[in-house]
Amino acid sequence: MMIRLSHWYKPPSVTVTKNLTRIPRRFYAGVRIHSVSTDTKMVMKTKGLIEGIFPDELKKILRSVASEWGDVVDDMDSLEVVPLKGAMTNEVFQINWPTKRGDVIRKLLIRIYGEGVEVFFKRDEEIRTFECMSKHGQGPKLLGRFEDGRVEEFIHARTLSAADLRDPEISALVAAKMREFHDLDMPGPRSVLLWSRMRDWLAEAKSLCTAKDAKKFHLDNLDEEIRMLEKWLSLDYQDIGFCHNDLQYGNIMMDEETRSITIIDYEYASYNPVAYDIANHFCEMVADYHSETPHVLDYSKYPDLEERYRFVHTYLSSSGSEPRKDEVERLVDDAEKYTLANHIFWGLWGIISGYVNKLDFDYLEYARQRFEQYWLRRTQLLESYVAHANGYVEDAT
C-alpha cells in the first residue's frame, strides 16, 4: 500500500516560532512548531509510517474507522499523511482521508509513542488516563490502539494563546471546565501524588546535575523544603480532585462556534489538591511560549487578587450553587500558597530537561526563574507558618 506524504504548509495567521517548549504536545488544524528528534528508536518506528507501510494492527483500525464513517473512499492509496512536528514526547501524524463526495476530507490523528519519558510519567498510566477521558467524553476520542501508538479523533478547534488566558470570558470558560475536570471519577486511589513525584524528580535532578548546578539550585536544601511544604499544605479540609497539573494555554482548546473548551494532554494528570491545579494555571499566565524568548517568564503578568478571585468564584459557582465569600477567599489563599510547590515542581522539571532534552529551549534558565520565584515568595507566604514552627526551617535564599 502506498500512502501519499504531504509537506506541511503554514496556514494564514498562524505564527510559527523556531523555539519549542513544553507547551504543545499535540498540534491540530495544521499548526506545528519545528523540533529536532534525536531518538533513533522513534525514527525507526515512524520511518515505515512515513513510507506508507502501516503495521497490520494499524491497518485494521483504519479499516474499522472507515467502515464506521461509511463515506470515505475505499482506496487507501488516497490517504494523505501529514507529519505534525513539535510534539515533545511522541510523533504525531494527521491523516487526511478523502470522502466519496470529493469536496470533504475526513481527518484523524496517529500518535506514535516516544521513548525515555519514564522519568516524568509512566506511559501505561498516561494511556489509561487517555482511554478513561475518552469514555468520559473529555478530549479527543480514542479510535484504536496498536503496539506502538494509538489513533485519535481530530479536534476542530484552536489552541488558546497566552493572551486568551487574560480574556475574562475565556477565563470563565476555562474555570468552569477545570471544575468539571476535577470532578471526574477516574481510576486509582484518590491520594495526592504531588509530593512523591517531586521527591522522585529531586532524586533524578541530583543524579544528573553537576556540583556547580546542584549548588546553584540549592538541591541539598530541597528535601527539607518539600517536607515542610507538604506538612504545611496538607490541610484536612482541602478538596482532592483529578487534576491536569499542566494547564497552560497550549493544553486548552476552544471551538470558536460553540465556545466549548477541551482540555488535552494528560501526561502529568493525577489526583491532587485542586488548589494546586489552580495555582499551576495562575503561574502559567506569566509565560508566552510563542515569544522570541519562550523560556522567559514575566511575573508582572501574574494575575492580581481581583482576577484570581473572579476565576475561583466562577470555578466554585459552576457546580450550580453560589459559593460563600469565605469559601472563595480560602481557595484563593490556598492556591496562592500552592504556587510554592508549583515553582519547585516545574523548576525540577526544567533542571532534568536541561540535561536530557536536546530541544532549542533554555531549560536551566527557565528552572532558575522558577526557583527564584520560590525563594522570593517563600518568606512572605510562609511567614505565619514559620513563626509557629519555632524556626525549624531557616531562610535558604
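Trainee: Which residues form one aromatic cluster?

Mentor: W195, W201, Y268, Y276, Y338, F345, W346, W349, F361, Y363 and Y366. This is a predicted model, where local features need pLDDT of at least 70, side-chain atom pairs count only at pLDDT 80 or more, and totals for chains, interfaces and linings use all residues. Residues are numbered from 1 along each chain as its sequence is written, and side-chain values use heavy atoms, with hydrogens and water left out.

Trainee: How many aromatic pairs does the structure hold?

Mentor: There are 22. Rings of Phe, Tyr and Trp (its six-membered ring) pair if their centres lie within 6.5 Å; planes under 30 degrees apart count as stacked, over 60 as edge-to-face and the rest as tilted. F181 and Y266 have ring centres 6.2 Å apart and planes at 40°, so that pair is tilted.

Trainee: Where do F181 and Y266 sit?

Mentor: F181 is in helix α4, and Y266 is in the loop between β10 (261-263) and β11 (270-273). Helices (H or I, at least four residues) and strands (E, at least two) are DSSP runs, numbered from the N terminus.

Trainee: New topic. Is D277 buried or exposed?

Mentor: D277 is buried, with a relative accessible area of 1%. Buried means under 20% relative accessible area, exposed over 50%, partly exposed in between (1.4 Å probe, protein chains only).

Trainee: What does D277 touch?

Mentor: Not counting residues up to four places away in sequence, D277 touches M178, H182, C243, H244, N245 and D246. Contact means heavy atoms within 4.5 Å. D277 itself is in helix α8.
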